[in-house]
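Here is a note for a colleague who is starting out with protein structures. Please keep the structure open while reading, and go through the points in order.

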Amino acid sequence: MNTHVSSDFTPDAVIIGGGIAGLQSALDLADQDLQVLLVERQSSIGGHMIALSKVYPTLDCASCITTPKMSAAAHHPNITILTNTEVEGLDTRDGVHHVRLLQKPTYVNFDKCIGCRLCEYACDTEYPDPFEEGLGAVRAIAVPFTNAIPQKAVLNAEACGTCGTCARVCPTEAIEYDQQPRRLTVRTDAVVVASGFNLNAVTVKPQYNAHRSHNIISPLMLERLLAPHGPYGRVLRPSDGKMPSSIAFVQCAGSRDESIGVSYCSRVCCMYAIKQAMLLSGALPLADITLYYMDIRAFGKGYEQFFQNAKAMGINFVRGKVARIDPVEDGDLSLHVETTEDAEDPLQERRHDMVVLAQGMIPGWQPADSTPVACASDGFVATPALTAPTATTAPGIFVAGTAAGPKDIVDTIAEAGAAAMQVSQYLYQKRSSVLVA
Amino acid sequence: MAMRTLSPEQKQALAALRVSIGGVSEQKRQTQKRLIAARKAIHKFLQAQPATVPQIATALQMPTDEALWHVTGMRKYGKVAEAGEDGDYPLYALVALEEKSAAAH
């Protein structure tokens, strides 16, 4: 894997973000013999998708789709990957983009590290694992997760007790405590913003009292619980390790709600909740699974059939809105629901022992703060041309995936391919005009 | 696991790192102490018999979510494994040394 960037490196394109959109754009460009620099702020490429259990509507294993793309990018001779690297800013001068990067220290020499994890096994400091959404534990020096790329240890200086054990046990002397942040500027003709999304916090709606119960969880937490190599190895309640017998999904818990500043629909929550409900009914066959929804938006190919299959499997769909959630005894949760399905008794109280809140998708990065790329009123990258959905307001800078707005994996991959083609066409036209001139 | 001694340069770099992160605070020291004490206590408790997370939490007087987090970490790093179920809760038992050795090979 090529991870070295010198000051005179001028890739044809810089891709900002190493999730599924960035990987697809990078691979499509590199296959056209263009030199690509892929910049990722986390310690591994793969984005959110590598942490998912399965994808809808096919129920294919998410990492079985993502890992080959991660590996292909890592081994591609035309792709250079910088992890632990953030974009500090971007200026455009004479049609050339100057991308200012900050590479954070990992305290491990990647050329020497062989990924043996002896340092990780010897370390005695643990903290909540961000890859497991805080549900699991990870050591202060660790390979980020099992199928991370690069398979190199990274030291979290904030968690480290500076005992020196990792350097004592490293067989290749790869630990470098004196690594410093490195700033570099890369010149390029084209940029793809594929910076992805975040979810708003489970605590965003105070009426749901997520700060008072460990059993009110995010959908990404449930993805980790459902993953075969997840933190507990099975689905358990985070409060006490109980196998839940009654699970509720509360839809539109972080979107379509002006009171929390997210008035738009996040477009993926209905489908991933249905998928998670189906997977839960497989993992916990005796569990009662209820999905509270305002309306189901199953608009993609095969999605409506997927929804009907979930109903046929016995998942309970209740049309209504959850107004409040109160923690009650034994870690259980009381849901106050207004339902349209019972005209005589619309206001109901229902008990569950775990609740999944469908949070809203919000932008993962604000490029408007440090680049010429404008954002729309919802905070996502603006795409003003209806006929060129990957074009931003800045010439030569394109956007792919959820950086432009909420969308699912299928649409993200299609858009990433389109962005790569737009970059390719832009570079051809730009370079042809230079030759003619 | 073979342990080397740190070279003077490594010691100096480690000291510089300690300074750059603002030193090892008392809070961090206490957190680390509690982590090691909790892991030792869970290890000792599970030597008698497999237990569920609430049983561990009750015996060691710690919140159940904290006990689960510790068990999760111990499970990840091969110290404990699931050993059946007790009602709605999985049982956790210590991993025998010979099993760990076999897993490593």
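Predicted model: local features only at pLDDT ≥ 70, side-chain atom pairs only at ≥ 80, totals over all residues.

1. Residues are numbered from 1 along each chain as its sequence is written, and chains are lettered from A and ligands numbered from 1 in the order in which they are written.

2. Chain A contains eight helices and 23 strands, where helices (H or I, at least four residues) and strands (E, at least two) are DSSP runs numbered from the N terminus. The radius of gyration of chain A, 23 Å, agrees with the value near 22 Å that a compact globule of 437 residues would have; this radius is taken over C-alpha atoms, and the globule rule is 2.2 Å times the number of residues to the power 0.38. Along the principal axes, the C-alpha atoms of chain A fill a box of roughly 75 × 60 × 35 Å.

3. Chain B has five helices and two strands, which follow one another along the sequence as α-α-α-α-β-β-α. Its radius of gyration is 18 Å, while a compact globule of 105 residues would have one near 13 Å, and the C-alpha trace of chain B spans about 55 × 35 × 20 Å along its principal axes.

4. Of the 437 residues of chain A, 50% count as buried, and of the 105 residues of chain B, 24% do. A residue is called buried if 20 or more other C-beta atoms lie within 10 Å of its own, exposed if 12 or fewer do, and partly exposed in between, with C-beta atoms placed from the backbone.

5. Where do the two chains touch? In all, 31 residues of chain B are in contact with 29 residues of chain A, contact meaning that the C-beta atoms of two residues, placed from the backbone, lie within 7 Å. On the chain B side, helix 1 (8-20), helix 2 (26-48), helix 3 (53-60), helix 4 (64-76) and strand 2 (89-94) each supply at least two residues, and helix 4 of chain B gives the largest share, eight residues.

6. In chain A, strand 1 (residues 13-16) has Ala13(A) and Ile15(A) pointing one way and Val14(A) and Ile16(A) the other way, and all are buried. Strand 1 of chain A pairs in the parallel sense over four bridges with strand 2 (residues 36-39) of chain A, and also in the parallel sense over four bridges with strand 13 (residues 190-193) of chain A; strands count as paired if DSSP finds at least two bridges between them. Ala13(A) has Val36(A) as its bridge partner in strand 2 of chain A and stands opposite Ala190(A) in strand 13 of chain A.

7. Elsewhere in chain A, seven strands form an open sheet of mixed pairing in the order 15-21-16-17-18-19-20. Strand 15 (216-217) and strand 20 (347-352) of chain A stand at the edges with a single partner strand each, so one side of each is left without a neighbour in the sheet. Strand 16 (residues 246-250) and strand 17 (residues 288-293) of chain A pair in the parallel sense over five bridges, with Asp288(A) in strand 17 of chain A as the bridge partner of Ser246(A).
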